[in-house]
Amino acid sequence: MQNKGAILFLAIALAAVSVYQLSFTVVSSRVKKDAAEFAQGDLKKEFVYLDSIAALPKDEWSFLGNTFREVQSKELNLGLDLKGGMNVVLEVSVPDIVRALSNYSTDKTFNDAIRLAQEKRTSSQRNFIDLFGESFQELDPDASLAAIFGTIELKEKINFNSTNQEVLDVLVEETESAIDNAFNILRSRIDRFGVTQPNISRLEARGRILVELPGVKDPERVRELLQGTAQLEIWETYENAEVINYLIEANSLIKEIEADNRAVESAQQVGEEVATEELAADTAVQDTTSEQSLLDMLADPETAEEPETLEAYREVNPLFGVLRPSTYQDGTPAPGSVIGYSHYRDTAKVMDYLSMNQVRSLFPRDILFFWSADPVKFDETLSTYELHAIRVTTRDGRAPLDGDVITSARSTYGQTGGSAKVDMTMNAEGAKIWARLTRENTGRFIAVVLDDYVRSSARVSGEIKGGNTEITGDFTLEEADDLANILKSGKLPAPAKVIQDTVVGPTLGKEAINAGFKSFFIAFVIVLLYMIFYYSRRAGMVADIALLVNMFFIMGVLASLGAVLTLPGIAGIVLTIGMSVDANVLIYERIKEELRAGKGAKLAVADGYKNAYSAIIDANMTTLLTGIVLYVFGTGPIKGFATTLVVGIITSLFTAIFITRIIYEEYLKRNSRLTFSTKWTENAFQNLNINFIGKRKMAYVFSGLIILAGITSLVVKGLNYGIDFTGGRSYVVRFEEPVSTVDVAARLSDVYGEAPQVVVFGNENQVKITTKYRINEPEAESEVEALLYQGLQEMIPGVDQATFLADYRVSSETVGPSIADDIKVKAIWAISIALIIIFLYILMRFRNWQYGMGAVVALLHDSLIILGIFSLAYGFLPFSLEIDQAFIAAILTVVGYSINDTVVVFDRIREYMGLYRKRDRAEVLNMALNSTISRTFSTSLSTFVVLLAIFLFGGEVIRGFTFALLVGIVVGTYSSLFVATPVAYEAMARVDAKKKAVKA
């Protein structure tokens, strides 16, 4: 075997990387297990435990030099369908941005063009700016966009002589900037939800942003906060030295209040006499500790009477136990608006203290407290935040300046290099107020606040006239870019609207994990046993070792890529198990042929591998291409399925071809006896002589009847389109007892005004409710949920709305019409591109268009039959048969599997056509089909059994998906034998007939 050393090195390196990456998952799982044991079912306690570990610096907790927060970022993450949470797709309103850029022009052509562009967008995938420019041109070819967008804010980019195309280019630039800013604002907002490992990313479609929040408890709060318009404000501030004495007084007062509260509690428990004694003791503690001020303690920490524990310190200094004052080591207050620092888990406690009426009365009436938006840089755990003291100087209590006055902001580097800075420009009104503010606050700090969080606080060096300002600080270029975008946010009111959201309850997530891994384990064991049964103990064990190594590599690679494991992703891995067997089957069947030809074991193994390479590469390459198409056009869980499928195909090729070959090389060196069949399977499928080509017309009739029945059903009955394609809202509701779907639909029709679709989802006490009620109004989500509760209230007596939404509604999903249209278009493109790629690949590899035609006809045949069965069966089978993104993924997977099977047959036909040139073509094709039956049976059976395990044990969520795959495996195996090759034969025969006619 050539390059054995290189292969061993690659295998060891891949194993080392996998061990390294998966070690973070193992360690994180252990900590989470400890947290669960500590919390004893209390989710709040569990979160606090994990939060405390994440806050520890490296010298207190580390793994391979990583804090727990860093370990979590490197572990193999589970998708929301496995651990519960909320998945939201938001869209920034580009039409609103365009209107704002025009200063809300009332020009009739302009407003008509926006309306027309919005109408066009419902049936087009082009971006809104292009559609707007096209519509404006259609309505008035002579009109000028420069006249509309030549505003004061855009005067540096657009002048009266600018062409319409130049204006459109500026609009594209400005909308992209607004979308970037919306992304940054959302990124800062998601940190407030109190969830671990939130994720935010931009989608390919312009203006769309994906937010994933695991374990979120209040979906309605999430929707409100994510969709709110950004509020940018510029405030004057207090100096730390002006506030610190108030903080000291507040600390003492809070200590007294809490001591009184403890005394009252004690009195209630043990009686007035004991309470009086404890109150006296507490008072004595107060008297002794009050003799030493906080500033004295800070100035001379060695002489400070330091409490033995943090709890004791917090009892004596309740406020300063959660808010560390901003002072130097000698106790002197540090300059600036920052008055203290807190760990983020203590920020709520600090605000509770400062909001107490007795404490609030100690401070000036014009003081506000805002936290910094970002953690301080000196804390390596990134968990400490600054508390700023804001000064209200206006009569109405509002900020002196807001974002409306800022006309532009951009990040630059100073002329002498160093840190980045931000250049900001204001309009005339803003410049006037800014000049007064900077004049009155020279030497003091002014804060830039976004959504009540301080983004920047800078010292004013002097009066600034003209509105042009330079903001400096220890900024990186990225930080300066973020600040510049934030400063521009007030100029463009572009709220993000929810166009799709999915909520999965923790109960359903836990059930999905159990179902997914149960199906995975069962399928894995079945395949391992089958390989030993069919190919002998030793050969089966070698294949099983390759399979185990393959699973290890898949998990390691997924962790390395930062991929998210979803339930469809687990299905992809399980499907990979079945399909990865195919490479071993092809090799073993070839080796068996070489042994039957009389070759020795060593030569048979070498020739078996060599002769199987072509079929293995061709078969897996077509499936790989299908997986790539799925990844490009899929979203969310479907992308997760495609990721695992693609990774699984690549790793299975490596393990099946190279790892097994190395093992056999070692066996052959020791002269070990090798067998590739058992006494039960030794003569299986030998000497078959089925006339597939001769029976092709019977197959055509059989297939035609099934397709005709399916088409008839499609015309008469149609398909059960899911909300992915139609738009709508769906809810999975679990009741205490079995319910009637008719009864549920009738009750909800009374509140919605139309009957929703209600089907049993898994058990008889669980239903899936789908409605299009007010789907064009994203803001109506809470009302739709309230009506859902109202309609079902009599079926769940004694349950309030909050409990219903938290415990009985186990999941929900909303898909807006615009994203549904995009999904439909992507689905059509995905299937079309997959078929074209497969045809071109086969044409390239076999240099014969007839093979490509046979393959594509077989794939269309498979797709039509699956569609027909879904149309015929929905409403009769006890599980969902919706046509959604998962169904498209199933169709494409079937396409990949079917072409895999077909290519193996075509590869053998190509080989036999070269060996038996003088024999009749039909005879050669039949020989090739019969010689591959054993491989077809083993691969199809193992894949079918694997999918059957997923279907039975994988849970209700993916049952329809796996049903489509099961049907596809059966139909794909049939079509590779009775459709693809016969159609290729017919095409070849017609070409031959035309050639003879030309010669004649």
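At what angle do the axes of helix α1 and helix α20 cross? I looked this up before anything else, keeping in mind that the model is predicted.

**Entry: α1 and α20**

I found that α1 spans residues 4-39 and α20 spans residues 537-561. Their axes come within 8 Å and cross at roughly 60 degrees. That angle makes α1 oblique to α20, because the range for roughly perpendicular begins at 65 degrees. I also noted that the crossing of this pair is left-handed.

Next I listed who touches whom. From α1 the contact takes A11, L14, A15, V17, S18, V19, Q21 and L22. From α20 it takes F552, F553, M555, G556, V557, A559 and S560. I sorted these by class and got 11 nonpolar residues, four polar ones and no charged ones.

**Entry: α24 and α30**

I then turned to a second pair, α24 (residues 696-716) and α30 (residues 849-873). Here the axes lie 8 Å apart, and the packing angle is about 50 degrees. The two helices are therefore oblique to each other. Their crossing is left-handed.

On the α24 side I wrote down S703, I706, I707, A709, G710, S713 and L714. On the α30 side I wrote down H861, L864, I865, L867, G868, S871 and L872. The classes here are eight nonpolar, six polar and no charged residues.

I wondered why such lists skip along a helix. An α-helix has 3.6 residues a turn, so residues three or four places apart point the same way.

**Entry: α5**

How many of the eight residues of α5 are buried? I counted six, so by the cut-off of under 20% relative accessible area this helix, residues 94-101, is mostly covered. The buried ones are V94, P95, I97, V98, A100 and L101. Just after α5 I came to N103, which has a positive phi of about 60 degrees.

**Entry: T932**

Last, I checked a single residue. T932 sits in the loop between α32 (921-931) and α33 (933-953). Is T932 buried or exposed? Its relative accessible area is 3%, so I put it down as buried.

I looked for polar partners of its side chain. A polar atom of the T932 side chain lies 3.2 Å from the backbone oxygen of A928. The T932 side chain also reaches the backbone oxygen of L929, at 3.0 Å. Setting aside neighbours within four places in sequence, I found T932 in contact with V904, V905 and R908.

Terms used
Residues are numbered from 1 along each chain as its sequence is written. This is a predicted model: local features need pLDDT of at least 70, side-chain atom pairs count only at pLDDT 80 or more; totals for chains, interfaces and linings use all residues. Side-chain values use heavy atoms; hydrogens and water are left out. Axes are lines fitted to C-alpha atoms, for helices over the stretch in contact, and angles run from 0 to 180 degrees between N-to-C directions. Helices (H or I, at least four residues) and strands (E, at least two) are DSSP runs, numbered from the N terminus. Angles under 35 degrees count as roughly parallel, over 145 as roughly antiparallel, 65 to 115 as roughly perpendicular and the rest as oblique. A crossing is left-handed if the near helix is turned anticlockwise from the far one by less than a right angle, and right-handed if clockwise. Contact means heavy atoms within 4.5 Å. Ala, Val, Leu, Ile, Met, Phe, Trp, Tyr, Cys and Pro count as nonpolar, Asp, Glu, Lys and Arg as charged, and the others, Gly among them, as polar. Buried means under 20% relative accessible area, exposed over 50%, partly exposed in between (1.4 Å probe, protein chains only). A polar contact is a pair of N or O atoms within 3.5 Å; within protein, one must be able to donate a hydrogen and the other to accept it, and residues adjacent in sequence count only if both atoms are side-chain atoms.
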